[in-house]
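Please open the structure in your viewer and follow the stops below, making each selection before reading on.

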Amino acid sequence: MPTLKFSDKSYSLNDSETILDGLLRQGESAPHSCKTGVCQTCLMQVVEGEVPPEAQKGLKETLQSQGYFLACQWSPSEDTSVKLPGLEDTAISASISEIRSLCHNVNLLRVTPEEGFSCVPGQYLTLVNSDGVARSYSVANLSHQDSYIDLHIRTIPGGVFSNWVNEKACVGDQVHLRGPAGDCFYIAKEGKDTPLLLAGTGTGLAPLYGIILDALSQDHTGPISLFHGALKEEDLYFVEALQELDQTTSNFSYFPCVLNGEEGAFYTCGDIQEIVLTALPEDKKELRIYLCGGPDFVNSMKKKTFLAGAASQNIYSDAFVVRSSE
Amino acid sequence: MSLFEKIGGEDAVNAAVDVFYRKVLSDDLISHFFETVDMDKQMAKQKAFLTMAFGGPHNYTGQDMREGHKHLDLKEEHFQAVAGHLQSTLQDLGVAPDLIDEVMAIAASTHDDVLNL
Ligand code: HEM
């Protein structure tokens, strides 16, 4: 009989018993509903073991690649260890290697992990500072090639963490990293010639920038369009780097959008949501859409691009939540 | 062959779910029931609904349907709207009329439980 490890406890599984049934039989509570592999309520992540393909049916590629599976669809014949989806509890130490202003309200914080920390550009991690304050930020560089991780920290008036970055944090300081998490990233398996459309507001640019670098480093050949939305011109950042990338990369286009801007400038004036919706390609079957930024923007755009014809499976998103304690 | 197999099984559910959910979200009478923050989770629930309506494998009992919809306080018009979108989704996908009738019969059989009558 195979043994199942779940939340630090061991359970036994009967012959051809599913992980979900085994846990429920032994009094463990695990989220579930349809028990037929459709509703995805019983989503879990493998820690040790070989997930069979039928336990990943219907899941996004980005979840499959991280070992997510449906507990009602897997009856292991070998010992297996699984967990509920969520951030890792174990924290890894890292040191701050650079702090640089990107614009009047965004700082770049570069951290260098002291041991292996594997994350994919576009995912997010939780950063814990020396005062024990923790916040989540997205990976904005080729973290699997570089030895460091770049994060974009927006200054929030009165924000405990962002003020720490602004006023107290110094190069060399120790911090801790937890995670990573999130399924908003590039995956070449779904086709390198498909069009990618990325839209974000504010520091939603961080994951999008990471995803673009990742796609280009994996030789994505389809057109890549980036829409970065800002309230005012001075809220845009990385403008020169992105303009240069646009000029030197034939399949990349950069569209800065400013809500309260001036006509005739280098950006488009107007609401990024409307600008993106009018720029959607005729054929949306293959189009992959990445949406990052505030929850209002992300949720509204998810719905609007879906209603405009994008396939739900091809919409990836990450909505930033600003903690009310900030 | 079962109804589910005749319609095309899981592939049919995957083909139908976007079409069906677009209709539901565009219908002001019922869209608010489905506008949860997480669209991905909502898509999975829509698949559960379609699998059940297509006669596919599921473990929902009438009691589950009653419990699962009770808090929504649904009325006859809501049920008719969902049933209508189900029917027109199948028509859009070119499903044979006699199979559509069978699906609509399954949906109708849940009527009293879904409306908590
Ligand atoms: C036509 C017959 C119907 C059937 C067979 C049916 C079936 C289902 C099923 C299988 C689920 C998934 C339950 C789960 O595992 O979480 C579900 C959820 C749901 N249904 Fe229905 N349904 C019907 C009608 C309706 C109607 C008329 C409405 C509202 C207009 C509705 C609104 C919902 C909502 C909002 C959920 C999601 C609840 C949640 O998020 O937890 N359903 N339904």
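**A tour of chains A and B**

Begin in chain A by selecting Ala94(A), whose bridge partner in S7(A) is Pro113(A); helices (H or I, at least four residues) and strands (E, at least two) are DSSP runs, numbered from the N terminus. The model is a predicted one, in which local features need pLDDT of at least 70, side-chain atom pairs count only at pLDDT 80 or more, and totals for chains, interfaces and linings use all residues. Residues are numbered from 1 along each chain as its sequence is written, chains are lettered from A and ligands numbered from 1 in the order in which they are written, and side-chain values use heavy atoms, with hydrogens and water left out.

Two strands count as paired if DSSP finds at least two bridges between them. Now show the whole open sheet, in which six strands follow the order S9-S8-S11-S6-S7-S10 (chain A) with antiparallel pairing. At its edges lie strand S9 (134-138) and strand S10 (149-154) of chain A, each pairing on one side only. On average, neighbouring strands of this sheet are turned by 40° against each other, direction ignored.

Move to chain B and select helix H2 (residues 9-25) and helix H4 (residues 39-53), whose axes come within 9 Å and cross at roughly 120°; axes are lines fitted to C-alpha atoms, for helices over the stretch in contact, and angles run from 0 to 180 degrees between N-to-C directions. Among the residues that meet here are Phe20(B) and Tyr21(B) in H2(B), and Phe49(B) and Leu50(B) in H4(B), where contact means heavy atoms within 4.5 Å.

Next select helix H6 (residues 76-92) and helix H7 (residues 97-109) of chain B, which pack at an angle of about 160° with their axes 10 Å apart. H6(B) is therefore roughly antiparallel to H7(B), a label given to angles over 145 degrees. The contact includes Phe79(B) and Leu86(B) of H6(B), together with Ile100(B) and Met104(B) of H7(B).

For the last stop, select His69(B), which is placed in helix H5 (residues 62-70) of chain B. Which atom of His69(B) is a donor of the iron atom of the ligand? The donor is NE2, at 2.0 Å, and His69(B) is the only protein donor of that iron; donors are N, O and S atoms within 2.8 Å of the metal (3.2 Å for Na, K and Ca), and water is not among the atoms, so sites may look incomplete.

How values were computed: Parallel < 35°, antiparallel > 145°, perpendicular 65-115°, else oblique.
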